[in-house]
Amino acid sequence: MSNLDLQPVPNLCGGNRRTGPVRDLQPGKQVPLGESTVVRRLLPNLGRRMVGAWCFVDHYGPDDIADEPGMQVPPHPHMGLQTVSWLHAGEVLHRDSLGSLQTVRPRELGLMTSGRAIAHSEESPRAHTPLLHGAQLWVALPAEHRHIAPAFEHHPELPVIAGGGGLSATVILGELAGAASPGTTYSPLVGADIVLAAGTDTRLPVEPDFEYAALTISGACEIDGVPLTPGALLYLGCGRAELPLRAGTDSSLLLLGGEPFAEDIVMWWNFIGRNHTEIAEARTAWNDGGDRFGAVHGYDGERLLAPELPPVRLKPRGRER
């Protein structure tokens with residue numbers, strides 16, 4: 001999925017250090033995506049740029065698209081990251097410059113690794129179900145893997161953990177409580193969709209060296225005693241061996257975690273690099289229509305051009321590179 005902001009703000013991310021356990025509740029931002037979809041942008045935000053290698057989270061829906069086109073994101077580029085498509089309702093048709101053509105459905109993993117360069121589009125199929133509800137997430141690639149060849153994976157079957165007290169968890173990426181996703185990862189992390197039945201009061205084992213954050217997809221629950229409803233991100237820090245979870249109603253949440261991402265990165269529009277020059281070169285390569293990102297075939301519409309760069313040089317964490 002693209003960042004469709006016409007004036008995207010550069011985000012200086014990474015260089016994170018381990019913290020102790022915290023309970024930092026951070027509101028999301030309403031952002032239009034295309035003509036008919038509004039998303040809740042939960043990461044990056046003013047209080048938190050990354051959680052492990054997770055660097056971007058949009059939560060959208062549930063939207064009634066019975067008489068609407070639904071998601072319509074034209075061909076656009078990515079570099080230096082992985083995109084994770086995760087649905088609770090609806091379908092998303094993925095096309096990319098590798099020639100991939102795949103419909104992703106609820107609780108199936110659509111995982112695209114941009115590596116050095118890729119382009120893709122995402123759209124609701126012309127014949128689609130009436131509701132669209134899900135999340136789009138990005139994972140930053142570490143230095144030793146950010147120039148690898150692009151790839152796309154579709155995993156319709158993912159491991160599910162049945163915990164005590166009404167908890168069920170689907171492991172989207174990484175490993176949780178001994179269950180591992182088949183999706184390819186390049187740094188220690190985890191992403192899980194956790195369903196809590198009404199009346200759940202339980203504890204989930206987690207990694208003390210990971211930092212974690214949670215966002216509610218539906219319903220309302222308590223994470224380590226903090227009430228959480230859709231539209232906010234709860235940053236939890238590091239240092240926990242287990243995470244208390246409670247729900248008075250049927251609820252679903254995403255748990256994201258990973259080792260703090262120590263590298264400094266620059267994230268602007270749909271690119272992740274290490275300095276201004278890399279971002280500017282990628283922007284020029286895409287807008288000029290060369291071979292670097294390839295072409296997406298079959299999308300009914302024009303590709304999305306990159307906006308103007310900000311008037312100041314992009315640099316990670318205030319240092320010139």
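I began with cysteine 238, which is buried at a relative accessible area of 2%, where buried means under 20% relative accessible area, exposed over 50% and partly exposed in between, with a 1.4 Å probe and protein chains only. Before going on I noted that this is a predicted model, in which local features need pLDDT of at least 70 and side-chain atom pairs count only at pLDDT 80 or more, while totals for chains, interfaces and linings use all residues. Residues are numbered from 1 along each chain as its sequence is written, and side-chain values use heavy atoms, with hydrogens and water left out.

Next I looked up cysteine 221, which also counts as buried, at 4% relative accessibility.

I then turned to the strands, which are DSSP runs of E of at least two residues, numbered from the N terminus. Strand S20 (residues 221-223) is joined by two bridges to strand S23 (residues 242-247), and the two run antiparallel; at least two DSSP bridges are what it takes for two strands to pair. Within this pair I found glutamate 222 opposite arginine 246 in S23. Both strands belong to an open, antiparallel sheet of four strands in the order S18-S23-S20-S21. At its edges stand strand S18 (200-205) and strand S21 (226-228), each with a single partner strand, so one side of each has no neighbour in the sheet. Neighbouring strands here are turned by 30° against each other on average, direction ignored, with axes as lines fitted to C-alpha atoms.

My next entry concerns glycine 183, in the loop between strand S16 (179-180) and strand S17 (189-196). Glycine 183 is buried, with a relative accessible area of 10%. Leaving aside neighbours within four places in sequence, glycine 183 is in contact (heavy atoms within 4.5 Å) with Leu109, Leu111, Glu153, His155 and Leu173. Glutamate 153 is 30 residues apart from glycine 183 along the chain, and their C-alpha atoms are separated by 7.3 Å.

How values were computed. Axes fitted to C-alpha atoms, helices over the stretch in contact; angles between N-to-C directions.
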